[in-house]
Structure formats: C-alpha cells, structure tokens
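Hi,

Here is the structure I promised to pass on. Have a look at it first, and then read my notes below.

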Amino acid sequence: QLTPSSFLRIGQLSNVDLNEDIHELETELPRQRPNEIPHNEKLLSLKYESLDYDNSENQLFLEEERRINHAAFRTVEIKRWVICAMIGILTGLVACFIDIVVENLAGLKYRVVKDNIDKFTAKGGLSFSLLLWATLNASVVMVGSVIVAFIEPVAAGSGIPQIKCYLNGVKIPHVVRLKTLVIKVCGVILSVVGGLAVGKEGPMIHSGSVIAAGISQGRSTSLKRDFKIFEYFRRDTEKRDFVSAGAAAGVSAAFGAPVGGVLFSLEEGASFWNQFLTWRIFFASMISTFTLNSVLSVYHGNAWDLSSPGLINFGRFDSEKMGYTIQEIPIFIFMGVVGGILGALFNALNYWLTMFRIRYIHRPCLQVVEAMLVAAVTATVGFVMIYCSRDCQPIQGSSVAYPLQLFCADGEYNSMATAFFNTPEKSVVNLFHDPPGSYNPMTLGMFTLMYFFLACWTYGLTVSAGVFIPSLLIGAAWGRLFGISLSYLTKGSIWADPGKYALMGAAAQLGGIVRMTLSLTVIMMEATGNVTYGFPIMLVLMTAKIVGDYFVEGLYDMHIQLQSVPFLHWEAPVTSHSLTAREVMSTPVTCLRRIERVGTVVDILSDTSSNHNGFPVVESNPDTTQVAGLRGLILRSQLIVLLKHKVFVERANLNLVQRRLKLKDFRDAYPRFPPIQSIHVSQDERECMIDLSEFMNPSPYTVPQEASLPRVFKLFRALGLRHLVVVDNRNEVVGMVTRKDLARYRLGKEGLEELSLAQT
C-alpha cells in the first residue's frame, strides 16, 4: 500500500522523531493511494461511518425518559428554541465579520493597485502594475491556501457537499469542528481578497453548520472546555437537527433569504423532517438575517433603516420598469436550455480537473503552489483584458467603485474594469442594474469566456470558497449580452431591458451548475425582493435542471461521488426490485451473547479486519449448538464505555451489584469515543463476564431476508438507521444491512450497477 513517493518521504524524514513520521504517513497515505487506482469514481469508501440517527432505546434510556415529567420536557423544548436563536445570532455575526473584513481588505488592495496603475499609465511601464497586482493576489491566496492544506483540509471548497453528506447521515471526519470553522472563515476572507473567482456565500452554509453543532453540544472538545449545559442534546439525533438549522441560517445570512434557507435545508440536506423542526429552522434563519441586517446597518452608519439583509444584495428590481410580457416566456425557457448546457460543460470540465487533482496534486505543498498559480493567472487575465479593452464609458452618473481610466479620455472610465477590478458580488450587482448601454457586447463576451474557465479552474482548489457568486456572474454576463443582442434585433423596443435578462441568465447558469430548484427559486425571489419574477425564474431553473441532468449530474453530487461517500438518495434505484435483502446484506455477522466473556468482547472490538460498529446480541444458551434468536443490538461505542468503566462481574457470583452506569456516562464520551487500543484490560479481567441486557437496544429494526431492496431502502432511509438486522423465519440473525450495502447500487448508463468497496 506504500507508493514509491511515500518511501522517498520516509528517506527524507529519517532524522525526525519516528512516531511523528509514522503518524504523518498515516494521514498522507489516503491522499497518495489514488495514484494506482485508474477509475476511483466506481468505488465506495469504507472510511466513512454513519450517524446513529435512531435512538438506542435501552433500559437506561427508557428509565431516564420515564423520570422526565411534563415540565422537564417543556424546559427541553425551550432550550431548543434558545439554541436556535443563538445559532441565528452567531451565524449572522460571523457573516458580518467576513463581510466587513473583506470589504476593507479588498478596498485597500484595489486602491493600492489603482493608484499604481494611474501613476504608470502616465509615464509608461504598466508591467510593474501587473506584477504588483499578481504578487498581491498570489501572496494573499498563499496564506489562505496554506492554512487549509496544512491545518484542516476539510475546510477546502464550499463545504456544501460535506454538509449535505452530514445531514444525509454520513460522518465526515472533522466536518463540524471548531478548528474547521476558524480555518473556513479566515480562508474565505483570504481567497476573496486574493481576487480568485470565488464567492463568500457557500462557506457561510458550512460555518452555520459548525456553529450549530458546537452550540447544541454545550462544550468544545477542541478547547477541552465543557460548559455543562445542553447535555440532553449530546447524541447524533439532536445534533443533526441543529446542524440543519445552522445550514439554513447560513443560507439566509448569505442571501438575505430566510425562507430560501429553510427550503435549502429541506431540499439539499435533512433526510428526516417534521413540522416543529421546520418552524425552529425558520426561526433560526430569520434571526440570522435580522442580526446581519442590524449590525451591517449600524456599521454603514444608518442604524435604523435595515437596508442590507444579506451578504449579497441584488438590489431591488422595480416591477413597473421591469415587468415581463407573455411572449418573453419562450425566450426565458431558451435561456434555461443554454444555462443547462453551459452548466453541464462546467461540471464535466470540473470533473476531469478534480480527477486530475485527486491523482496528482495530493501533497499539501503542490496544492498551495496550484492555488498561487491560479491567483496570479486570474490577476494577469484581468489585467490583460482591461489593457486590451477600448470600451470607454462616461464617469458621471455611474456608480463605479474604482474607476480605472487607463487609455480612456478624461472623464471616462474603462468598462471592462468594472467587471474584473471589483469583488465578484459588486460585479453581479453592476451587471443587473447598470443602465442600458453601459457595456459593449464584445466586452461582455470576452469576460464571460474568460471567467467561465477561471471559475471552473478555481472550484476544487485547496482554498475555502463558494461557487454561487462566480456562476451568478457568468450567467449575468451572458444574460446581459443576450438582452443587448435582443434589443439590437428588435430595433430597441422597450421590453428588452438587459438587466432583466442578466437576472434570468444568472439563475439559469447557477441552476445548471448546482441543480437546485425549489430553494434557488425562492432565494432569487427573496434576494431581488420581487415576487413577479417567481414564475420565469422557476421556468428557467426547471429547464436548466432537466437539460443539465441529461448530460451530467450536479456539481455537489459529483464531488460527493468523487470522494466515494456512501450517500443515500431519496429513493432506491428504479430497477432494483429484483434484489432482495438476502443478496444485499453483509455476512457473516459477528454476534455477541447476552452474557459474554470480556476477553471475547475485547478481541472482537480489536479485530481490525472487521471494523464493525453494531453487534446483534443473541440469547446465550450454553447447551444448544445452533445460533440462538435475536435479543437486541449493541453499538461499539456503548461497549467501549462499558469496558472503560469496567462494568463486569466475575463468574462465581453473577448477582453482584455493579456500579450503575448512567446515560450521562455515555453522553460524556460522545462524540469522540476512545479507541479500543487505549483501554487496558488485564488478564484476570478478560475472564470476567459482562451482562449486556440493560445496555443493548432490545427492539432493533429487523427485516425478513425475502424483503425487496426498495422496501429495505425505504425503511433504512426514512428512519435514518445505521444497522438493519436481517433475520430468517426462526428469528435467527442471518445478516446485517448497513449504509454501504445500500449505497453500493447505483443507476448507471447501462442500468443498475454495483460499486466495489475500497478501504481508502
């Protein structure tokens, strides 16, 4: 399993402390292995575990629930609301922090470069300005990329695929840690300031989720602080519900779209849903938008008028000026088709690029170099485009933040510079709202082409950055181009206002790349503050999704598949009725007896070849030889807590009263249960007996072995299970269905295909 490159590294590191060396190799190996795997997209990785969304209803749990009276349940409910409010407030504050820092740093950078360009335009030597701009970008991005690549690689990208997996029930390592949040926030500030073709909206969703996971647990394992609050919520069920609230709060802070946030959580994320949860999530979203709004309003000096609901503000579209007529609807649908095709092209290019990255750019130092290269290239492309553009517009009456004059006459500015010499958010708003005639069609065409490839190259770099804004920007540029050409064709009739087409193009492009329908329609409606466009936006997004899905899947699903995550979709594959539980299940199953030797338990847990997490408990009949009936199910984490607290008795007097474990002991160990290697069991203790009956879940879900795959899938997905025991007609355990067994089957081009499992 060691590739030659890792042997080289062992050679270089031979004078370092060997333990560190081995540890480093362990973390490196998964990244290097794909060198030898030619087609790693047909694999499912075994390194991802499931979340226990289903509570283990053992005796301890039932006793505790019976002790709780009505008033105590009410306090728990109040605590949930308090946590949701805190999630909203903190997510809003983090968004404010990102926004204010980016605004100041980017403003500083653009002022420095603008002064430099103005100075050198007069006396020649503009190559120095280019060098300054590229160096500034590359150095800022270098810092942003180093912290991600070397400290917390999970913080790379927008984090939406990871959160999607987490809400689907897959435990992605480190995804909701405090460290990830810090790196994410710093990384996104640096990558936006470094002028990459990225937005700061996607990472807000990840940040909100981390905040939610942290607050709801009432402690931080990274800081080793336990605040002794919210202990009731220390289990996967509760944590996952709060994470979906955090994701919604992130969306609503990013776009000022609370309803869109709730729908995003529903559409992209949570596999389990109920009405109370919806209402709480909506509450968190509203609070988050309101917090962001009030803080930014105070910051901008108009404390009472609450004018900036989200990080990206599309500005208002007036219905009077910008209505649409019935004959424009076919045009919008055509734009949707274009968006779907361009989005599919974007995803296909990004797919090959990501495959290349997985195979060859797997060392952190190479990743940093690539990020710096992209930053320098982005600056160079922008500079060359501005330099070659002869598109001059009069300055008065225009709202350009950093007007570059370059070779234009006095009182005019270069219109290409409004697109490139600005943060992407500002460029989007300019494309939506600048009056007709502000842009030359040639300028827009060149900009769309270059920015398309830059954004495609940037997504998947080792920096934390979102893909929302770049795709909106690409779409707005070609949409505006489309509108201008329409008004040329119709000899300037009134309805061809380019801003409206820019909005539709932006929706089409974004829908074609990420393939979100419901939530994206609402987000666009809320961000533009205009309900009349709901219908055309919906049509555009539907066509973009249908056309795009014909070619490749959405960007986020593609990245989930490339990381070989066992992701369960809403339904089982259509043609899978022929398969039954007997063909799907894993065998043989490692069972434990109800009263088991400690040594046996330790050996089973230490066995690395079968890294199981759930063990069926069967009746322990010493006299019979056949497999006895199923009595319950116990989890690896529970067994580890039992061994750690030494809950066992010697053979002689089995009725010895042991120290009663409380549910609190299990909660205190959550979420990072110690590995079995760290628990010492002496030779005498190995001979003791351990009674599992009050810790096991006595009523696990089971299916008969004749059940069809769609039926098993529905049960598994709807209840958020982690283990589903397969029994025969005598209630004896014959197999176990886990997430990997169901995610293995996927609809491919030729029909149902089965993926192989890999240890990486």
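There are 28 helices and 18 strands in the protein; these are DSSP runs numbered from the N terminus, with at least four residues (H or I) for a helix and at least two (E) for a strand. Bear in mind that this is a predicted model, where local features need pLDDT of at least 70 and side-chain atom pairs count only at pLDDT 80 or more, while totals for chains, interfaces and linings use all residues. Residues are numbered from 1 along each chain as its sequence is written, and side-chain values use heavy atoms, with hydrogens and water left out.

On confidence: pLDDT is the predictor's confidence in each residue, from 0 to 100. The protein has a mean of 83, with 89% of its residues at 70 or more. Residues 1–39 are below 50, and that stretch has 38 contacts in the model beyond near neighbours in sequence. A contact here means heavy atoms within 4.5 Å.

Now the overall picture. Of the 760 residues, 57% are buried, meaning under 20% relative accessible area with a 1.4 Å probe and protein chains only (over 50% is exposed, in between is partly exposed). Among contacts with a separation of 6 or more, 77% link residues 24 or more positions apart.

Twelve of the 16 are buried, so H7 is largely enclosed by the rest of the structure. Among the buried ones are Leu181, Ile183, Lys184 and Val188. Their cover includes helix H4 (70–123), helix H5 (127–151) and helix H8 (202–217). Just after H7, Gly195 has a positive phi of about 75°.

Then there is a sheet to look at. It is open, with three strands in the order E8-E10-E11 and mixed pairing. Strand E8 (592–593) and strand E11 (630–635) are the edges, each pairing on one side only; two strands pair if DSSP finds at least two bridges between them. Strand E10 (residues 614–618) runs antiparallel to E11, joined by five bridges, and Val618 sits opposite Leu630 in E11. Helix H24 (residues 636–644) lies across E8, E10 and E11, at about 75° to E11. That angle is between N-to-C directions, from 0 to 180 degrees, with axes fitted to C-alpha atoms, for helices over the stretch in contact.

Cheers
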